[in-house]
Amino acid sequence: MAWKIVIAGGGFGGFYAARSLERALPPQSTKITIVNDVNFMLYAPLLPGAAAGSLEPRHVVVPLREELRTTDLRLGRVMGATPERNALQVRSMAGRTEDLHYDQLVVALGSVSRTLPIEGLAEHALGFKSLPDAIALRNHLIQTLEAAETLEDAAERTAWLTYVFVGAGYAGLEGLAELQDFAADVIQLYPRCRTQGMRWMLVEARDRIMPEIPASLAEFAARELRGRGIEIRTGTTLERLTATEARLSGGEVVPTRTLVWTAGVKPPAVIERLGLPLEQGRIATDATMRVRDHRNVWAIGDSAAVPDPAQKGAAPCPPTAQHAIRQGRLVGRNVAAELGAGRVRPFRYKTKGVFVDMGQGEAVATTLGIRWRGRTAWWLARSYHLAMLPGNKRRLRLLIDWNIQLMFGRDASELGRLGHPERLADQTAGGEPAREDVTATAPAAPS
Ligand SMILES: Cc1cc2nc3c(=O)[nH]c(=O)nc-3n(C[C@H](O)[C@H](O)[C@H](O)COP(=O)(O)OP(=O)(O)OC[C@H]3O[C@@H](n4cnc5c(N)ncnc54)[C@H](O)[C@@H]3O)c2cc1C
């Protein structure tokens with residue numbers, strides 16, 4: 001009889017867990033199933049490139065069916081679990097909820113944006129966590145330029161041409177830098193907007209940006225952004241948001257129709273329905289990634305509280321792809337060990353390097369204690385992602401996209417309705433085609 005191994009979540013952690021299991025166990029003795037709500041793994045560090053239009057959206061994802069050899073992909077949504085029956089509840093694409101039974105379960109369900117109870121935030125802010133978020137943001141940005149260009153009154157244009165990012169971690173800083181770079185290119189096509197100029201702002205509650213990197217590099221990144229005219233407000237929080245303005249702590253009111261919320265992540269709600277112990281909302285594990293009090297359940301990545309070896313286990317690992325990848329590889333080997341092939345080992349990885357790509361050929365990085373900045377760091381960051389992206393075909397596509405952008409610049413077409421065509425009934429009714437409403441801050445439908 002073959003062992004049934006189920007992996008819930010096919011992102012960084014789940015994908016590498018499946019790969020490592022495929023290598024560690026003979027296919028005739030195991031049946032590995034990965035459950036994911038999309039049929040690809042999103043390579044999130046490339047998301048800012050997709051948002052800025054320098055990367056084709058399909059080139060920042062890894063199709064799971066192509067890259068996994070013997071693992072069975074079950075497309076569906078994990079709805080909950082009953083660990084005492086070794087069952088995971090999965091809603092299939094056909095809309096049926098079924099029990100998926102396992103001998104070993106690995107939970108790798110990632111995270112969602114962490115919002116706060118700030119008036120107007122949920123209604124008017126944009127997220128920057130998924131591919132639809134990234135493409136919607138790009139389309140929204142182009143729509144704001146199109147809208148501003150139609151206005152005679154410069155004062156009225158201000159809110160359309162002001163872009164605020166709240167949260168200066170990876171997603172906020174890289175997202176803002178890439179999008180500002182993109183906007184600076186395409187604004188040349190909008191004479192009124194070009195004459196007026198744009199306003200970009202990064203708001204951070206802590207007293208510095210990018211806590212993930214050394215203070216001197218963060219300061220370099222801040223200087224670089226300020227040099228591009230980006231305003232940075234540290235020690236500042238968002239207090240209220242409407243469709244047309246954001247109020248910051250200290251009383252400043254910023255007229256804006258674009259506020260992007262990148263202030264942290266939390267585990268998805270389904271984590272609470274798995275019947276597993278939690279620690280600060282994440283699944284509690286020991287150093288080997290085994291879930292506390294559950295011999296055959298493991299948890300990794302953003303949704304797990306795996307003790308961080310860099311902090312001697314005093315706090316959970318930070319929610320980064322670097323950690324999820326290493327946890328995925330090791331949990332595969334640990335599950336195999338549990339089934340008789342090898343020895344279960346603790347997670348020992350400590351961050352060896354960090355890259356922050358800021359577009360325009362600028363980046364900051366640390367690798368093995370050495371600090372890099374400017375063009376060298378940018379080149380290192382790109383080489384790193386090129387090496388880490390799974391699959392040679394994907395790497396080649398990435399390389400081609402980067403070079404095409406360097407040669408031909410950006411494209412300003414706004415394809416928000418792609419994948420959301422007008423219904424045949426509406427077309428034949430002869431009325432005006434429905435248009436996305438950009439008067440609200442919320443984005444148009446993603447392509
Ligand atoms: C814009 C951005 C830039 C980033 N840049 C970096 C960087 O440069 N370096 C770095 O180390 N980290 C970076 N990160 C963080 C990194 O992406 C995450 O830490 C990493 O993806 C976590 O891996 P994971 O496997 O836990 O989750 P994920 O990779 O998010 O995978 C979770 C998977 O589970 C699926 N899923 C969720 N719920 C369900 C459900 N109920 N049913 C079925 N499937 C479900 C999701 O669709 C997803 O495929 C960045 C993140 C963002 C948003």
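## Polar contacts and salt bridges between the domains

The side of domain 1 that touches domain 2 draws two or more residues from each of α1 (12-24), β3 (40-42), α2 (47-51), β4 (61-63), α3 (64-67) and α10 (321-338). Of these, α2 gives the most, with 4 residues. Helices (H or I, at least four residues) and strands (E, at least two) are DSSP runs, numbered from the N terminus.

The interface of domain 1 and domain 2 also holds 2 salt bridges, a salt bridge being a side-chain nitrogen of Lys or Arg within 4 Å of a carboxyl oxygen of Asp or Glu. R394 forms a salt bridge with E66, with 3.9 Å between the closest N and O atoms.

## Basis of the model

The model is predicted: local features need pLDDT of at least 70, side-chain atom pairs count only at pLDDT 80 or more, and totals for chains, interfaces and linings use all residues. Residues are numbered from 1 along each chain as its sequence is written, and side-chain values use heavy atoms, with hydrogens and water left out.

## Domains and buried area

Domain 1 covers 3-111 + 267-338 and domain 2 covers 121-265 + 386-408; these bounds come from an automatic or database domain assignment. The contact (heavy atoms within 4.5 Å) takes 30 residues from domain 1 and 24 residues from domain 2. Over C-alpha atoms, the domain centres are 30 Å apart.

About 2400 Å² is buried between domain 1 and domain 2, with 67% given by carbon and sulfur atoms. Buried area is the accessible area (1.4 Å probe) that two parts lose on being put together, summed over both. In domain 1, the residues losing the most area to domain 2 are P48, A51 and H59, together 22% of what that side buries.

## Ligand surroundings

Around the ligand there are 27 residues, of which G13, D37, V78, D302 and A321 come nearest; a residue counts if one of its heavy atoms lies within 4 Å. Ligand oxygen atoms lie 2.5 Å from a side-chain N or O atom of D37, 2.8 Å from a polar backbone atom of D302 and 3.0 Å from a polar side-chain atom of N36.

E67 and R19 form a salt bridge at 3.3 Å, N to O. Because E67 lies in helix α3 and R19 in helix α1, the pair ties together parts 48 residues apart in sequence.

Key:
Polar contact = N/O pair within 3.5 Å; in protein donor to acceptor, adjacent residues only side chain to side chain.
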